[in-house]
Amino acid sequence: MPARAVAGGRVSARAANNHWEKPETLAGHCADHGEGVGTTSKEEYADMAHEFYLSKGQYQARVDSDGITRVYDAARNLFGSYNPSGTTKTYLAPTGGQAYFDNQEWAMP
(Lines give C-alpha, C1' and ligand atoms only; values in the text may rest on other atoms or scores of the structure.)
Protein backbone atom coordinates (compact mmCIF):
# COMPACT_ATOMS: atom_id res chain seq x y z
CA MET A 1 0.00 0.00 0.00
CA PRO A 2 1.36 3.48 -0.81
CA ALA A 3 2.75 5.63 1.95
CA ARG A 4 0.29 7.97 3.60
CA ALA A 5 0.80 11.72 3.85
CA VAL A 6 0.87 12.01 7.61
CA ALA A 7 2.01 14.48 10.20
CA GLY A 8 2.15 13.17 13.74
CA GLY A 9 0.14 10.08 12.79
CA ARG A 10 -2.64 12.07 11.11
CA VAL A 11 -3.22 13.02 7.54
CA SER A 12 -2.44 16.69 7.13
CA ALA A 13 -5.19 19.01 5.93
CA ARG A 14 -2.78 20.42 3.37
CA ALA A 15 -2.14 16.97 1.86
CA ALA A 16 -5.86 16.22 1.78
CA ASN A 17 -6.62 19.50 0.05
CA ASN A 18 -3.85 18.93 -2.51
CA HIS A 19 -5.44 15.63 -3.55
CA TRP A 20 -9.03 16.86 -3.73
CA GLU A 21 -10.40 18.56 -6.87
CA LYS A 22 -12.28 21.29 -5.00
CA PRO A 23 -11.21 21.49 -1.34
CA GLU A 24 -14.38 23.43 -0.49
CA THR A 25 -16.45 20.32 -1.36
CA LEU A 26 -14.37 17.85 0.68
CA ALA A 27 -16.40 18.10 3.90
CA GLY A 28 -19.68 17.51 2.03
CA HIS A 29 -18.30 14.49 0.17
CA CYS A 30 -17.02 13.05 3.44
CA ALA A 31 -20.39 13.63 5.11
CA ASP A 32 -22.19 11.94 2.21
CA HIS A 33 -19.80 9.05 1.55
CA GLY A 34 -17.32 8.75 4.44
CA GLU A 35 -19.28 6.22 6.46
CA GLY A 36 -19.66 3.98 3.40
CA VAL A 37 -15.91 3.86 2.87
CA GLY A 38 -15.12 3.54 6.57
CA THR A 39 -14.15 7.00 7.81
CA THR A 40 -15.64 10.16 9.26
CA SER A 41 -12.51 12.34 9.03
CA LYS A 42 -12.36 14.43 5.87
CA GLU A 43 -8.56 14.25 5.87
CA GLU A 44 -8.56 10.46 6.10
CA TYR A 45 -11.34 10.28 3.48
CA ALA A 46 -9.29 12.37 1.03
CA ASP A 47 -6.19 10.31 1.76
CA MET A 48 -8.04 7.01 1.24
CA ALA A 49 -9.35 8.30 -2.09
CA HIS A 50 -5.85 9.33 -3.16
CA GLU A 51 -4.35 5.97 -2.13
CA PHE A 52 -7.09 4.26 -4.14
CA TYR A 53 -6.06 6.30 -7.19
CA LEU A 54 -2.40 5.45 -6.70
CA SER A 55 -3.35 1.74 -6.55
CA LYS A 56 -5.63 1.91 -9.62
CA GLY A 57 -3.58 -0.71 -11.46
CA GLN A 58 -4.90 -3.35 -9.04
CA TYR A 59 -8.55 -2.65 -9.90
CA GLN A 60 -10.88 -2.08 -12.81
CA ALA A 61 -10.05 1.32 -14.28
CA ARG A 62 -11.09 3.22 -17.37
CA VAL A 63 -10.07 6.59 -18.72
CA ASP A 64 -12.50 8.51 -20.92
CA SER A 65 -11.68 10.88 -23.77
CA ASP A 66 -11.65 13.82 -21.33
CA GLY A 67 -8.96 12.10 -19.26
CA ILE A 68 -11.28 11.30 -16.33
CA THR A 69 -10.18 8.07 -14.66
CA ARG A 70 -12.80 5.94 -12.94
CA VAL A 71 -11.66 3.11 -10.69
CA TYR A 72 -13.71 0.30 -9.17
CA ASP A 73 -12.74 -2.37 -6.65
CA ALA A 74 -15.44 -5.05 -6.81
CA ALA A 75 -14.14 -6.94 -3.76
CA ARG A 76 -14.56 -3.92 -1.47
CA ASN A 77 -17.23 -2.14 -3.55
CA LEU A 78 -15.26 1.12 -3.79
CA PHE A 79 -15.45 3.62 -6.63
CA GLY A 80 -13.39 6.71 -7.33
CA SER A 81 -13.38 9.31 -10.07
CA TYR A 82 -10.25 11.35 -10.78
CA ASN A 83 -9.16 14.26 -12.95
CA PRO A 84 -6.24 13.94 -15.39
CA SER A 85 -4.08 15.62 -12.71
CA GLY A 86 -4.93 12.80 -10.26
CA THR A 87 -7.08 14.97 -8.00
CA THR A 88 -10.20 13.27 -6.67
CA LYS A 89 -13.65 14.16 -7.97
CA THR A 90 -15.47 11.64 -5.73
CA TYR A 91 -14.89 8.46 -3.73
CA LEU A 92 -17.68 6.21 -2.49
CA ALA A 93 -19.15 2.76 -1.94
CA PRO A 94 -21.80 2.73 -4.69
CA THR A 95 -25.23 1.28 -4.00
CA GLY A 96 -25.27 -0.37 -7.42
CA GLY A 97 -21.91 -2.13 -7.06
CA GLN A 98 -20.44 -3.35 -10.34
CA ALA A 99 -23.42 -1.97 -12.29
CA TYR A 100 -22.58 1.53 -11.01
CA PHE A 101 -19.13 1.28 -12.60
CA ASP A 102 -20.39 -0.40 -15.76
CA ASN A 103 -23.11 2.22 -16.27
CA GLN A 104 -20.87 5.27 -16.08
CA GLU A 105 -21.26 7.55 -19.09
CA TRP A 106 -18.06 6.73 -20.86
CA ALA A 107 -16.99 9.41 -23.31
CA MET A 108 -14.57 7.08 -24.96
CA PRO A 109 -12.39 8.05 -27.93
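How many helices and strands does the secondary structure of the protein contain?

## Model and architecture

The secondary structure of this predicted model comprises 4 helices and 6 strands, taken as DSSP runs numbered from the N terminus (helices: H or I, at least four residues; strands: E, at least two). From the N terminus, the order of elements is β-β-α-α-α-β-β-β-β-α.

Residues are numbered from 1 along each chain as its sequence is written. As the model is predicted, local features need pLDDT of at least 70 and side-chain atom pairs count only at pLDDT 80 or more, while totals for chains, interfaces and linings use all residues, and side-chain values use heavy atoms, with hydrogens and water left out.

## Confidence

The average pLDDT (the predictor's confidence in each residue, from 0 to 100) is 85, and 81% of the residues score at least 70. Among the elements, the lowest mean, 40, belongs to strand β1 (residues 6-7), and the highest, 97, to strand β5 (residues 78-82).

## Burial and contacts

Of the 109 residues, 43% are buried, that is, under 20% relative accessible area with a 1.4 Å probe, protein chains only (exposed: over 50%; partly exposed: in between). Where contacts (heavy atoms within 4.5 Å) link residues at least 6 apart in sequence, 47% join residues at least 24 apart.

## The setting of T90

T90 lies in strand β6 (residues 88-92) and is buried, with a relative accessible area of 12%. Beyond neighbours within four places in sequence, T90 contacts W20, H29, H33, Y45, F79, G80 and S81. With H29, the side chain of T90 forms a polar contact of 3.4 Å; such a contact is a pair of N or O atoms within 3.5 Å, where within protein one must be able to donate a hydrogen and the other to accept it, and residues adjacent in sequence count only if both atoms are side-chain atoms.
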